[in-house]
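Please read them alongside the sequence and the coordinates.

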Amino acid sequence: MSETSNMTKVEDFSLRSSSPRIGERIIRGTLFSASAFSVLITIGIVWSLLVPAIEFFRQVPIMDFLTGTRWAPRFVPASFGVVPLLVGTLWTTGIALLVAVPFGLGSAMYLSEYASDKTRRRLKPVVELLAGIPTVVYGFFAIEFVTRVVLKDWMGLTVGTFSVLSAGLVMGVMIIPTVASLSEDALSAVPLAMRQGSFALGANKMQTTLRVVFPAAFSGIAAAVVLGISRAVGETMIVALAAGNKPNISTNPLEGAQTMTGFIANAALGDSRVGSLQYDTLFAVGLLLFTITLIINFISIRLVRRYREAY
Amino acid sequence: MTVQVSNWNIDGKSHEKNFKSIVFLGVLWLSLFIAFLFLIILLVTTAMNGWGRYDLRLFTTYNNTTPADAGARAAILGSLFVVSVTALMAIPIGIAAAVYLEEFADRSKWFNKVIELNIQNLAAVPAILYGMLTLGVLTLLGLKNKNVVIGGSLALALLILPVVILTTREALRAVPQEIRDGSLALGATEVQTVTKQTLPAAVPGIATGTILAVSRAIGEAAPLLLLGALVFITYDPNGLLAGFTTMPIQIFSWTSAAQEEFKQVAAAASMLLLVILLSMNGIAIFIRNKFAKRW
């Protein structure tokens with residue numbers, strides 16, 4: 001074997017496959033179309049909301065919808081001010097965050113900074129089980145236990161069957177796993193060298209956790225909280241059962257109120273013909289809900305990218 | 001391993017044990033404890049609310065206007081049927097999409113970036129909006145009756161698709177690059193590498209994610225509510241175009257019923273649903289801990 005023949009052999013050898021491999025191309029194409037299908041879903045959502053919503057805004061001026069303070073779509077004369085629904089959503093979401101942020105973050109800090117590997121592997125799944133409970137069961141629990149037993153009997157509060165407090169509290173527990181699990185990821189992503197540096201300067205574990213690890217993981221934790229907000233805004237079954245269906249610009253969390261999702265669920269139970277104004281109202285509120293959660297989700301995605309880039 | 005660093009004491013004093021840091025640790029413990037406590041209270045109170053209804057009536061009889069005779073037969077079979085069709089739709093498409101994004105996609109291309117961002121957002125879109133999308137699709141197809149098995153399955157499949165994609169991607173990402181490189185170096189094509197090496201190695205992770213996604217579909221009610229699944233059904237669902245109801249919808253309807261006695265049936269059905277879902281979650285976690293390889 002001479003040296004030249006060896007050389008030509010190397011030149012002939014290409015990293016590309018020798019045959020066109022049509023089968024592989026077909027498989028790749030199929031796989032690509034499966035992932036492109038997800039874009040079609042988004043387009044589908046926008047289209048299915050937009051078409052009836054445009055029909056709705058032909059009859060109801062968009063500013064009346066966004067700034068009106070009376071929501072009475074089935075009354076005569078009907079009124080389509082969405083503010084009461086937004087206030088209801090704000091109440092349940094706010095109360096839910098008051099529960100989910102401290103408890104979720106506390107659990108995350110314990111699991112990431114204090115727990116041993118073994119303890120973490122045992123405890124984390126239990127927190128995650130909270131995410132596996134169906135939301136109707138949460139709703140049932142909110143009415144039967146939180147409202148009736150805790151708020152009425154134990155605390156002696158004057159509360160009706162429906163209250164935003166009860167719905168918000170239970171929803172808060174529902175989103176603990178969302179906040180805890182994403183925050184834990186963010187805390188664990190902080191490099192060990194930063195903790196070691198802090199310890200070397202004489203800080204104890206609490207000081208290191210609060211002053212070094214927490215600030216370093218802040219954007220990731222913020223992303224977790226923002227995603228929690230998105231969950232709370234879009235949650236339907238708990239509010240449909242426990243928050244009631246009376247639109248109400250409420251100043252008292254013991255009162256019931258209707259949220260955006262609560263309205264959609266409740267209106268869907270009634271019989272509204274395709275193409276009627278009632279039917280279109282559903283989609284106008286749906287479009288608003290989609291827009292709000294879209295903005296929240298993008299903020300969350302941005303924040304996650306920031307901490308992924310940092311380390 | 002490096003956690004021990006904090007136990008080193010250069011001056012011989014323990015800085016861990018001052019009052020503030022003990023309180024801090026106590027607060028962290030408490031927040032975990034609250035989560036557990038809530039889980040236990042929820043299980044116990046639901047179990048107690050349903051006391052007296054844990055018998056075969058729940059499985060064998062249809063819904064009834066008399067609480068004592070009401071059962072969840074149609075709902076149990078409906079859930080089983082709808083979710084099976086959901087899984088058949090969502091799992092293959094989800095895994096295919098994940099394989100493309102993780103194994104083949106050139107991430108610098110704009111359309112791949114769009115797809116990726118899009119899936120992240122879809123995973124956080126409120127469930128009820130998938131019901132509205134399905135409503136739109138069924139109207140477009142000209143179906144008068146929206147409450148059909150295929151409609152419910154479509155709504156739930158669209159809902160869990162992003163979850164399947166995201167968890168499958170994570171499982172594929174955990175497979176070390178060396179395995180792919182080794183396979184390619186031995187002359188396997190890219191598709192052979194995926195089907196014979198990467199995918200089999202990721203099976204435990206994919207199984208965990210898929211089970212969790214399917215259990216979400218079993219427990220979800222919001223999108224089905226929009227299709228009008230809250231109906232009185234006293235027959236077994238017998239085809240893709242048959243009317244249906246599911247367990248969560250049935251529980252919703254009993255919970256919001258005026259008669260107190262229905263609450264008991266609702267609690268009993270909730271317990272059944274909880275047992276199914278918590279054991280699915282348990283199996284998923286078991287697979288993850290037992291079979292997931294750590295490279």
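1. The model is predicted: local features need pLDDT of at least 70, side-chain atom pairs count only at pLDDT 80 or more, and totals for chains, interfaces and linings use all residues. Residues are numbered from 1 along each chain as its sequence is written, with chains lettered from A and ligands numbered from 1 in the order in which they are written.

2. Chain A has 13 helices and two strands (DSSP runs numbered from the N terminus: H or I of at least four residues for helices, E of at least two for strands). Its radius of gyration, taken over C-alpha atoms, is 26 Å, well over the 19 Å that the globule rule gives for 311 residues, so chain A is more spread out than a compact globule. The rule is 2.2 Å times the number of residues to the power 0.38. The C-alpha trace spans about 95 × 60 × 30 Å along its principal axes.

3. Of the 311 residues in chain A, 50% are buried, meaning 20 or more other C-beta atoms within 10 Å of their own; exposed means 12 or fewer, partly exposed in between, with C-beta atoms placed from the backbone.

4. A:Leu210 lies in helix H9 (residues 205-216) of chain A. It is partly exposed because 15 other C-beta atoms lie within 10 Å.
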